[in-house]
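Work through the exercises below with the model open. Try each task before reading its solution.

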Amino acid sequence: MSKETFKTFKGRSLESVDALKNIATIIESGHLLAICSDPEYSDVGDMIIDFASQYATAAHAYALEEKK
């Protein structure tokens, strides 16, 4: 039985189908926090959205690499 190695970004799959669903969920969560009137929650929301951006960049790079 062979072991496949899955590429991940901080534990999250970089496979396009998985990454797109995960990124959408992360952005939704970040958006909900970012619009809060409490500055602490708003800051956390901004950090979550930044994380989603980094994840999307990594997933994009992985998809381009897989096309080769």
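**Exercise 1.** Which residues does Phe51 touch, not counting residues up to four places away in sequence?

Solution. The model is a predicted one. Start with the element: Phe51 lies in helix α2, which covers residues 39-67. Next, apply the contact cut-off, heavy atoms within 4.5 Å. Leaving out residues up to four places away in sequence, Phe51 touches Phe9, Lys10, Arg12 and Ile26. Then check Thr8. Thr8 and Phe51 are 43 residues apart in sequence, and their C-alpha atoms are 14 Å apart in space.

**Exercise 2.** What pattern does the protein follow along the sequence?

Solution. Count the elements: two strands and two helices. Now read along the sequence. The pattern is β-β-α-α. Turn to contacts between residues at least 6 apart in sequence: 54% of them join residues at least 24 apart.

**Exercise 3.** Compare the radius of gyration of the protein with that of a compact globule of 68 residues.

Solution. The compact globule would have a radius near 11 Å. The protein has 15 Å. Now take the box along the principal axes: the C-alpha atoms fill roughly 50 × 25 × 15 Å.

**Exercise 4.** What percentage of the 68 residues is buried?

Solution. Buried means under 20% relative accessible area. By that cut-off, 19% of the residues are buried. Then take the accessible surface, about 5,400 Å². Carbon and sulfur atoms account for 58% of that surface.

**Exercise 5.** How far apart are the mean positions of the positive and negative charges?

Solution. Count first: 7 positive and 11 negative charges. Their mean positions are 11 Å apart.

Note on methods
Residues numbered from 1 in each chain as written. Predicted model: local features only at pLDDT ≥ 70, side-chain atom pairs only at ≥ 80, totals over all residues. Heavy atoms only, no water. Helix = DSSP H or I, 4+ residues; strand = E, 2+ residues; numbered from the N terminus. Rg over C-alpha atoms; globule rule 2.2 N^0.38 Å. Buried < 20%, exposed > 50% of the residue type's maximum accessible area, 1.4 Å probe, protein only. Areas by Shrake-Rupley, 256 points an atom, 1.4 Å probe, with all protein chains shown as cover. Lys, Arg positive; Asp, Glu negative; His and termini not counted. Charge placed at Lys NZ, Arg CZ, Asp CG, Glu CD.
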